[in-house]
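Have the structure open while you read.

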Amino acid sequence: MTTRTDRNRPANRNAMPRNWARFASILVVAIALLNLGLGWGAGLNFFTRMMPSLPAMVPGTAVCAALLASGQILRLSESSLSRRSGTALIIVTPIFAFVQYWFGAISNPVSAGATDRMSTATFAGFLIVAVGQCAADYLREWGRNLHVVLAGTGCFLALIGVSGYIINVGELEQYTVFRGLSLLTAVVLFLLNAVVLLSRPEHGIAALMMSDKPGGEMARRFMPAAIILPVVLCLIADWTTDIGWITSNVRLSALALVLVALSSVFVLRMAGALDDRALLTDQANLRLRDILSGLDVAIFVIEPDGHGLTLNKRAEAMIGPKKPEHWLKQSAFHAVQDRRPLHGAEHPVQQVLDHGREIFAGWIDLDGAEKVLRLAAFETGRTGGRTNLRVLAIYDVTEPWLLRENMARSERLEAVGQLASGVAHEMSNIFGVIKLSVGSVELSDPTVAPTQFRAIMNACRRGGALADRMQKLTIEDASGGETTEAISALSAAIELVRKAVPSDIEFDVDLPSAPLTIDCDPIDLEMAVVNLVLNARNAMVEIGKSEGTIRLRVAQEPEWLTLSVSDNGPGMDAELLKRITEPFFTTRRATGGTGLGLAIIDTFARRHGGMFQITSTPNIGTLAKLRLPLRGSSGSAAQEDMPSAVTLAGLKILVVEDDLQFKGVLGDTLTTLGATVDRAESADSAMSLIRSAGPFDVLLTDYQLVGPEDGHELAKRAIAYQPRLPVVYLTGMSGVQIDEPPIPGLILRKPVHLGLLTHTIRLAFDTQLAGTRGGDA
Amino acid sequence: MAKILIADDDRDYLSAFCTGMEVMGHIVDGVRTGKDAKVFLRTGTYDIVFLDVVMPGGGAISLVHEVASEFPGLPIVVISGRTELFDTPVFREGLRMASARLRKTATLQQIHKVVVSSIV
């Protein structure tokens, strides 16, 4: 968009002066034709001499003017042939004019007093126009302003003629050069010279007059007044002396005074306009600085000489008390990877300014913290006569940088986790084999080494539990698999924690006798109780309260288990209460508190569809309440979170995955939901399926495929074969960074919930049907 | 006493399972692929079938569904060494047809209990 307007602008700017030039030339031709036809042909005096007593525009002059104007019109045309013939006309005309002039001078000598012949001024005027036009057209380097000088002189001579007629014809006739110059000729000469000026509008007077800048505006506003007012003033002066209002002596001084007043007004108004303009510029600069200060980037604007510097607020904060020039040259930067100092030719500021490259560098800020900075520089474009400014932008990229490092680390951890998962699977199998074999032997002959077999079984149990735990590490959500009998788990935990409560604090426990089953890991439940009781104990021990009571109640509501732990300790105010379940918030950092206890209970409760709540009154005590849904109840929020799966009936899906963890489970599930599924384990086998069994409705592919080709490369090939095939990408758990896949598609992170999976597939398919998928041009 | 079919690709586990179940007094057939399992199910009558859900070539979940629809009423027990998979949503949804799930680290007694409770 921008480039287009930029390219168009010079053309537009030249179009207007050209149109004006064409108009003036046509006007000249028209005057000449009227002079020849109606004047000399039909004998209408008005078209030859305007008024009976004035000199006439002779036919020779009219022909010359028409020739020159035609030449000028041809010069303005696009075709080079027309332009060349225009030049020829312009060169020939003065020769013709000279013949006319010479002939007229001989037949009607000046001394004879006759006026109907080409005047010297007319011939000189034509010569000036012809030379001026040629100079405008052909002189580029040397004497490129010659046409301005010539045309200016021509205009001046023509105006002398015009003004002579307006003020006093008799006086004009006194000068031989102007004798016989008709009013029409003077006007025509003025127009021809104006065309010369307009034919090179990018230079000189025309450029200024036509400019869309404030200067041009001002010139256009004042020029007519500057021309007309003095003339009018002179006419008035002349007229007032004629009728005897003022004497000729007074006339001169009055004229001088009025002219002085007039020119002073012009000068002052121009100065005022300039000041206004400067004020606007200053305001614009100030606003720009304000805008720059709002940016989160440190900006240094460097003047071309390298000295003047403008900083935004961020940059000022960055350099502190140092001088910006010194800071840029001397501030200590280091390499991000190895903290090697960067100075001399390696100094990042120098490198960025000299080579325009983008550079990352480490830097210690004023508080001593290490920052990772991204330095970039660019030059502003040339505007008017001003040379380029250089802008150095320094971004603080510490956070994204750390995030990226952490990302890499979590990717490695994920790989380790997957490995662990695979190992754990094998271990499960192995322990299973041992257990079953030992069990068989035990059963078939119970007398064989019973102690040893029990030891083997115990070892297997431990190993199996270990394998389970290892596998759990690899998935995010472990809820749902396990059930716990809450009462016995709580009893065990209470016995454990009772030992930690000092004897002077009463520990009152109320448990229902009937067993209650809840869906959670018993360890989590035990940890929650221990944590809550210890918190209550700590609160009371800290204030040295001797007669405290901790009350633990477990109650069964229709679908919930409610566990409450209350104390009559110091309590908390509302402010503290609000933050108490935030991770890492603790009031006991000094005594080893991690600030995670309550946060973990909170997460645990919510993950299992329950809730955790603390209420407290200062000096009265604190009540912590944990609610968990009983097994089989419908109160589980975890289930509400999951959208139900939609049917995929009728969809033909190509599943490409080589993930060991799922091994075909994905495809199976899609089949059970009604989809027709074809499977492939590599890009190549997927492609041959697309060729032989296609077209497919959706391509569901792992983003990371084992083998030379990634999921997105497969997508590229698949799209080339079957355009508009919707693609859904699957990625690993922590979400390996995907830099905008070249073939757009929806992205799913494992482990994927069935509802999300089916909705995603449907969305991909439906969007493709609607024909609005991005990437299709 | 029950007639049991087990499909598992792990040869060692398969043989240990068969031996154990026989010791427990059951009659057991062991196969190593889902395809064989279907063939055996069609030719013989079984009280209960154990299927390993993670077998090469996949197909375990669809096998569960096929068996469930072809032999309605036949108890299906899903066994796996990948216990964490039991907890993934895809699995939970996909294995609704199974009457029980069992870890591979289960003891003979636990398996026996499942068999007894399933066929009663």
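A crossing is called left-handed if the near helix is turned anticlockwise from the far one by less than a right angle, and right-handed if clockwise. Keep in mind that this is a predicted model, in which local features need pLDDT of at least 70, side-chain atom pairs count only at pLDDT 80 or more, and totals for chains, interfaces and linings use all residues. Residues are numbered from 1 along each chain as its sequence is written, chains are lettered from A and ligands numbered from 1 in the order in which they are written, and side-chain values use heavy atoms, with hydrogens and water left out.

**The helix pair**

Helices (H or I, at least four residues) and strands (E, at least two) are DSSP runs, numbered from the N terminus. With that in hand, α17(A) passes α18(A) in a right-handed crossing. The axes of α17 (residues 486–498) and α18 (residues 522–542) of chain A come within 9 Å and cross at roughly 40 degrees. Axes here are lines fitted to C-alpha atoms, for helices over the stretch in contact, and angles run from 0 to 180 degrees between N-to-C directions. Under 35 degrees counts as roughly parallel, over 145 as roughly antiparallel, 65 to 115 as roughly perpendicular and the rest as oblique, so α17(A) and α18(A) are oblique to each other.

Contact means heavy atoms within 4.5 Å. On the α17(A) side the contact residues include A:A489, A:L490 and A:I494, and on the α18(A) side A:L525, A:V529 and A:V533 are among them. The residues of this contact divide into 13 nonpolar, no polar and one charged; Ala, Val, Leu, Ile, Met, Phe, Trp, Tyr, Cys and Pro count as nonpolar, Asp, Glu, Lys and Arg as charged, and the others, Gly among them, as polar.

**The sheet**

Two strands pair if DSSP finds at least two bridges between them. Five strands of chain A make an open sheet in the order β9-β11-β12-β14-β13, with mixed pairing. β9 (506–510) and β13 (611–617) of chain A are at the edges with a single partner strand each, so one side of each has no neighbour in the sheet.

| Antiparallel pair | Bridges | Facing residues |
|---|---|---|
| β11(A) and β12(A) | seven bridges | A:R551 and A:S566 |
| β12(A) and β14(A) | eight bridges | A:D567 and A:T622 |
| β13(A) and β14(A) | seven bridges | A:T615 and A:L623 |

β11(A) and β12(A) form a hairpin with three residues between them. Is strand β12(A) mostly covered or mostly open? Seven of the eight residues in β12(A) (560–567) are buried, meaning under 20% relative accessible area, with exposed over 50% and partly exposed in between (1.4 Å probe, protein chains only).

**Helices on the sheet**

α17(A) lies across β9, β11 and β12 of chain A, at about 175 degrees to β9(A). α18(A) lies across β9, β11, β12, β13 and β14 of chain A, at about 150 degrees to β11(A).
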